[in-house]
Amino acid sequence: MNFHPNLYTKISMLLLSIVAIPTIILGYLSFNQSNQQIQTMTQAFLLDNLHHNAIRLESLFSRTKQQSDKVLESQRLKALLHQPPPQSSLDEYDFIRQMNPILEELQGELDIAIYPKDPELYPIYAGNVKGNEDWFQLALLMEGQGAWHVRSVKDELPLELLYVRAIRDYPSLQPIGVLTLRVPRFLLDNQFIIPENVERISYYLVEENGRVLATRSNNPESAITEIYHDLNMGLPGTDNPLKMIRKNETDFYEVSRPLDINNWRLAALIPIDEVTGPVEKIKRFTWLLVSSGIIIMSILLLLIVRSVTIPIRTLVRFMRKIYSGELLYCEQYLPRTDEIGQLVRGYNSMIKGMFELIQKTKMYEEEKRKLEIRALIHQLNPHFLYNTMDTIKWKAEKAEAPEIVEMIATLSNLLRFSIHTDEELTTMERELEYVKNYLSLELQRNSHAFSVYYQIDPDILCQPFMKLTIQPIVENAIKHAMKTMVEGTGKIMITVIQSKDRIICSIEDNGPGLSVGSAANMESELRHGDSNYSGVGLSNTDRRLKLRFGDSYGITLENRATGGCKVVLQHPLIELSGTISQAAN
């Protein structure tokens with residue numbers, strides 16, 4: 001058996017989902033937010049401690065440089081190093097005797113050692129230093145600037161740092177010796193200050209390749225003393241200085257900052273579980289809050305759903321009555337200002353619109369019937385007239401009056417065309433033939449007082465066209481333009497062309513054109529359906545076209561730039577089967 005939930009069940013399930021899912025997501029986000037806040041506090045704490053320790057280290061490095069500057073300022077030292085190398089052991093002992101008081105004088109916070117430029121010539125004084133050591137060559141290459149060198153044994157833990165610097169002669173600036181200042185490992189370690197209220201935190205001085213130069217931790221068991229390859233070196237583009245790394249199967253928060261020496265960095269590590277302990281309590285409280293919120297909101301939502309579904313069921317009953325033809329207004333729930341009240345008022349507006357549409361349809365049908373009756377009235381019983389004209393024609397032939405015979409024949413053709421009132425459509429060729437017969441009569445009545453010109457597209461002569469639409473326009477041009485002009489000067493141009501999905505018929509004259517008053521009268525006739533002009537009237541023709549084909553078709557009037565009036569009739573292009581082409585429709 002298939003399960004078909006009703007609206008109440010669907011809305012209840014939907015609203016419960018809408019409430020439960022965001023609440024769960026909110027709880028999850030709340031936990032993450034708490035975690036992020038802890039990370040932010042941890043980051044600020046570590047960065048602050050790093051800043052103080054960096055100041056202490058940079059102060060030590062600055063004092064080292066100042067001590068080296070003091071050595072370079074000693075003129076006694078430079079004078080001694082300028083002496084020729086010793087030629088014998090006695091000469092070297094004499095060099096050592098002169099060097100010792102200078103070293104005692106220059107001795108400061110760090111142990112100092114001074115070597116001549118060619119230490120291999122001073123085997124007793126220089127000991128194992130031959131001049132080809134890395135630190136010795138580094139000092140010579142720095143051209144008087146100091147450099148740091150890490151001294152280690154077999155690439156294991158560094159034993160000490162050496163600050164090396166060349167001693168140069170002035171003004172030749174040629175090296176005459178090398179000084180070294182030794183910074184032992186324990187002195188570096190003692191520069192770190194460890195917060196007492198944190199159980200496990202470690203600080204590291206790390207060189208560019210990741211080797212630990214110095215470290216200090218309040219928990220020696222958790223300190224890292226080996227090569228520190230996992231350190232995030234803070235590459236450009238990293239926004240968050242707080243990183244998470246894993247070392248010795250322990251997850252750490254790590255923050256580092258660069259120092260101004262040899263791309264060295266100062267780093268601080270603290271185990272993640274050291275700072276995330278309170279988050280677990282927050283997590284449990286959050287889930288308890290989420291569960292309670294879901295239960296309370298579910299009860300409230302079920303009550304709200306009932307207040308929505310019951311009015312909707314009422315509206316459904318009213319809508320079903322529409323199928324049986326009953327258009328009833330819903331008077332219930334109208335005072336409500338929420339969406340239900342808007343829905344009920346919208347339903348009542350729809351019923352009102354349906355009533356108005358029915359009334360409008362009845363009005364259009366009544367108007368169409370009146371137009372048909374009006375057209376029949378204006379046709380003046382063509383059957384009777386046709387029989388009478390046939391008798392007059394026979395008597396004119398007997399009296400040998402050819403002009404009267406021609407006029408009667410033309411008039412008979414007009415009447416014959418108008419007899420078939422049950423057919424609304426004809427062809428363009430027959431419509432033009434009717435217009436030509438009418439113009440023939442008018443020209444004979446007015447002694448050919450005006451001229452008529454035609455410009456017809458032969459491809460549309462067989463196209464279906466609404467009957468008796470062009471003749472009223474031509475009649476209007478004769479009445480309001482040709483009869484006001486000097487005899488022989490009036491001209492009428494009838495143009496029929498195809499423009500895409502339409503047949504465009506324009507009737508132009510060179511009369512006085514439309515004045516402001518007459519133009520207003522014409523527009524009023526087309527708008528209100530008056531028939532103050534000749535024939536069936538322009539308004540009837542325009543209304544017939546609009547009722548049959550739509551408001552985009554009909555008649556428009558305008559003045560010609562060279563004088564006179566132009567009336568344009570737009571008619572759809574109808575297929576020979578009798579249907580309007582898809583483009584026109």
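Which strand does C565 lie in? C565 lies in strand β16, residues 565-572. Helices (H or I, at least four residues) and strands (E, at least two) are DSSP runs, numbered from the N terminus.

## Basis of the model

This is a predicted model, in which local features need pLDDT of at least 70 and side-chain atom pairs count only at pLDDT 80 or more, while totals for chains, interfaces and linings use all residues. Residues are numbered from 1 along each chain as its sequence is written, and side-chain values use heavy atoms, with hydrogens and water left out.

## Overview

The protein has 15 helices and 16 strands. Of its 585 residues, 42% are buried. Buried means under 20% relative accessible area, exposed over 50%, and partly exposed in between (1.4 Å probe, protein chains only).

Contact means heavy atoms within 4.5 Å. Take the contacts with a separation of 6 or more: 62% of them join residues 24 or more positions apart.

## C565 and its surroundings

C565 has 9% relative accessibility, so it counts as buried. Leaving out residues up to four places away in sequence, C565 touches I507, E508, D509, G513, L514, E558 and R560. P512 is 53 residues from C565 in sequence, yet their C-alpha atoms are 7.5 Å apart in space.

## Two nonpolar cores

A nonpolar core is a set of buried Ala, Val, Leu, Ile, Met, Phe, Trp, Tyr and Cys residues joined through side-chain atoms within 4.5 Å. In soluble globular proteins, nonpolar side chains tend to be buried together. The largest core here has 53 residues. L77, M99, I114, L188, L205 and W264 have the most contacts inside it. Helix α1 (residues 7-72) gives the largest share of this core, nine residues. Another core, of 40 residues, lies apart from it; L439, F450, V496 and L514 are among its members.

Beyond its neighbours within four places in sequence, L188 is in contact with L57, L60, F61, L161, V183, L205, L213 and A214. Helix α3 (residues 89-106) has 18 residues and reaches 25 Å from first C-alpha to last, close to the 26 Å expected. The expected span is 1.5 Å times one less than the number of residues.

Helix α12 covers residues 428-445. Its 18 residues should span 26 Å at 1.5 Å a residue, and its end C-alpha atoms are 26 Å apart, which agrees. Its buried residues include L439, L441 and L443. Just after α12, S447 takes a positive phi of about 55°.

The axes of α12 and helix α13 (residues 470-480) come within 9 Å and cross at roughly 25°. Axes are lines fitted to C-alpha atoms, for helices over the stretch in contact, and angles run from 0 to 180 degrees between N-to-C directions. The angle makes α12 roughly parallel to α13; angles under 35 degrees count as roughly parallel, over 145 as roughly antiparallel, 65 to 115 as roughly perpendicular and the rest as oblique. On the α12 side, the contact includes Y438, L439 and E442. On the α13 side, it includes V474, E475 and I478.

E442 lies in helix α12. At 8% relative accessibility, E442 counts as buried. E442 touches F450 and I478, not counting residues up to four places away in sequence.

R543 lies in helix α15, residues 538-549. Its relative accessibility is 18%, so R543 counts as buried. Setting aside neighbours within four places in sequence, R543 is in contact with E367 and L371.
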